[in-house]
Amino acid sequence: MIPPATITLALTGASGMPYGIRLLECLLQAKIRVYLLVSQAAQVVAKQEMDLQLPTRKGELETLFGGRFAAQPGQLSVFGREEWFAPVASGSNPADAMVVCPCTMGTLAAIAAGLADNLIERAADVMLKEGRTLILVPRETPLSAVHLENMLKLARLGIVILPPNPGFYNRPAQVADLIDFVVARVLDQLAIPHKLMPRWGDKDDLS
Ligand SMILES: Cc1cc2nc3c(=O)[nH]c(=O)nc-3n(C[C@H](O)[C@H](O)[C@H](O)COP(=O)(O)O)c2cc1C
């Protein structure tokens, strides 16, 4: 599989915002063009979990993340909730792949139902109809039968359901290790090379 050149990354308002932000950093470091979509609830969660006050203006968001993660000019584009003229809104110009990380049960349900009331849902709907890679990192516990049915429906349609369940067999020493475990699994699904953690059976260090 060839790594995607362009990825849509949607941050929604589930717990686990550090996964999404770390993923954004890794995608930009990997020189991938990123279309970033941020739900209103994601802004609340970013503040709560990371003390990260995300600006509502897209230009300011591009400057914030572009500066923090040293993006190339034009590498990061942010689109608003109802920006229907964004490339991701149409099957004629979608990204090569899309990740929703973290993904709420609400957004997951909307995708499963084929809703397209905001740009995140529409972009996911486009990926589905165009048969492109779509990865969801859903977070909730415990999971109800509704959540499980929605996930099963989406998995059967070829969507990757990748819960943020870090393993402990690498002996994580800090929270950053747990975050990288999950982000590494997402990057693997996208065929993006990384050295976030050793691979199973590979005991050498990564230097
Ligand atoms: C701090 C915080 C944590 C939340 N954690 C979750 C969660 O883990 N999973 C979930 O499905 N919703 C969670 N929610 C609720 C969603 O944010 C809420 O359902 C919201 O409407 C989702 O909108 P969105 O899918 O457009 O982001 C959380 C909300 C807050 C404020």
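Reader: At 25% relative accessibility, how does A191 count: buried, partly exposed or exposed?
Author: The model is predicted, so local features need pLDDT of at least 70 and side-chain atom pairs count only at pLDDT 80 or more, while totals for chains, interfaces and linings use all residues. Residues are numbered from 1 along each chain as its sequence is written, and side-chain values use heavy atoms, with hydrogens and water left out. Buried means under 20% relative accessible area and exposed over 50%, with partly exposed in between (1.4 Å probe, protein chains only). At 25%, A191 counts as partly exposed.

Reader: What is the phi of A191?
Author: A191 sits in the segment after α7; helices (H or I, at least four residues) and strands (E, at least two) are DSSP runs, numbered from the N terminus. A191 is not a glycine, yet its phi is positive, at about 60°.

Reader: What distance does α7 reach from its first C-alpha to its last?
Author: Helix α7 covers residues 175-189, 15 residues in total.

Reader: Against which elements do the buried residues of α7 pack?
Author: The buried residues of α7 include I179, F181, V183 and L187. Contact means heavy atoms within 4.5 Å. The elements against which these buried residues pack are α1 (17-29), β4 (97-103) and β5 (133-138).

Reader: Which strands stand at the edges of the sheet?
Author: Two strands pair if DSSP finds at least two bridges between them. Six strands form an open sheet in the order β3-β2-β1-β4-β5-β6, with parallel pairing. One side is left without a neighbour in the sheet in the two strands that each have a single partner, so the edges belong to β3 (76-79) and β6 (160-161).

Reader: What is omega for the peptide bond that joins C101 and P102?
Author: P102 is found in strand β4. The bond between C101 and P102 is cis, and its omega is about -5°.

Notes. The expected span of a helix is 1.5 Å times one less than its number of residues.
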